[in-house]
Amino acid sequence: MVESPVDGGSGVRDGHDHTQADGDSHPHPHTHSHAHEHLSPADRTVRRVNMAAVVVPLLGLWLAIYLAWGTAFDWTQAAISLSMSMLTALGITVGYHRLFTHKSFTAVAPVRYILAALGSMAVQGPVIEWAGAHRKHHQHADGEHDPHSPHHHAGGEFAATLMGTLKGFYHAHMGWMLAGHQRGLARYTKDLREDRVVAAANRHFKFWVIMGLVIPAVLGGVLTMTFKGALLGLLWGGLVRILVNHHITWSVNSICHLWGTSPFVSHDESRNNAIVGVLAMGEGWHNNHHAFPTSARHGLRWWELDVSYWVIRGLVVLRLASHVKVPSAEKMAARKK
Ligand SMILES: [Zn+2]
Ligand SMILES: [Zn+2]
């Protein structure tokens, strides 16, 4: 999720169920011949970094709640956390997903860079790796080579047992990242590597991750003129915000491939889930999205709230974006179930 050693691997891994803990080198009969590949130093580093990206925000939440216990609701910290949350989430939904992965609209260079920088602050990996994994998800949606399908990853138990469903859910939600880095993604992202703006933002990933912690800490300190304010800014606007944003994004991969409605034919298990739809800024209308992946608009019916699409429309009004793709009424009618 965070680290991306060069995509040197040939082909796609099939061993998604090998999630043994870091440093645990017991040879699995099935993986023995690939043991070196699975436990290379780069893989170990990626696992450690990804595990840290999951655990550190959780510790942040614990500390934030501990410090807030017994005190009145802090509007300053709430405002910092909410605005950081909205901006970085839009970096993922409008930037990483709809602009860079699916090219559902075009935007001027400064907007491209800002969206990639905001997305980086969400700590879901550098933009090019993220787009590669997501393009692969669309190409193999819920098939054997889908990096994060809740199906086919529970030893065929899915839907047969509760345990199978839970295993599939965990894999799609976060297990797939903790298993190591994805190989063979480079073939999906040639266009993005050739975009100088995107390539620059990709190189600056770590800087923006750090800024995603520094900015709320500075805001918290300046707005309250206290050290505790800075610490709370770091916790609520940084770590807790990252934690919440992670789980909302991951819910699109897990919940929206398990539970909800599927009004359109999409050849996979994608679902429209209203709760994730609203929380994930429109990304939870995921069956619509799989049916029309290049559409800038995911909430296709008037009542399907899609904040990310409003932002794209806003960018168009400001003349910062153009060539917005949306499916025609005929196309939608043709794919209706
Ligand atoms: Zn999907
Ligand atoms: Zn997509």
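The buried residues of helix α8 (196-203) are covered by elements that include α3, α4, α5 (127-139), α7 (190-194) and α9 (205-224), where contact means C-beta atoms, placed from the backbone, within 7 Å. This is a predicted model, in which local features need pLDDT of at least 70 and side-chain atom pairs count only at pLDDT 80 or more, while totals for chains, interfaces and linings use all residues. Residues are numbered from 1 along each chain as its sequence is written, and chains are lettered from A and ligands numbered from 1 in the order in which they are written. Helices (H or I, at least four residues) and strands (E, at least two) are DSSP runs numbered from the N terminus.

**Helix α8**
- Val198, Ala201 and Asn202 are the buried residues of α8, buried meaning 20 or more other C-beta atoms within 10 Å of a residue's own, exposed 12 or fewer, and partly exposed in between.
- These residues fall within an arc of 105° (taken from the directions from the helix axis to the C-beta atoms), so they line one face of α8.
- Arg196 and Arg203 are exposed on the other side of α8.

**Helix α13**
- In α13 (residues 307-317), Ser308, Tyr309, Val311, Ile312 and Leu315 are buried.
- Their arc around the axis is only 155°, which puts them on the same side of α13.
- The face turned away from that buried side carries exposed Gly314 and Val317.
- Among the elements covering the buried residues of α13 are α3 (75-101), β1 (106-107), α4 (109-121) and β2 (321-322).

Notes: Two residues are in contact if their C-beta atoms, placed from the backbone, lie within 7 Å.
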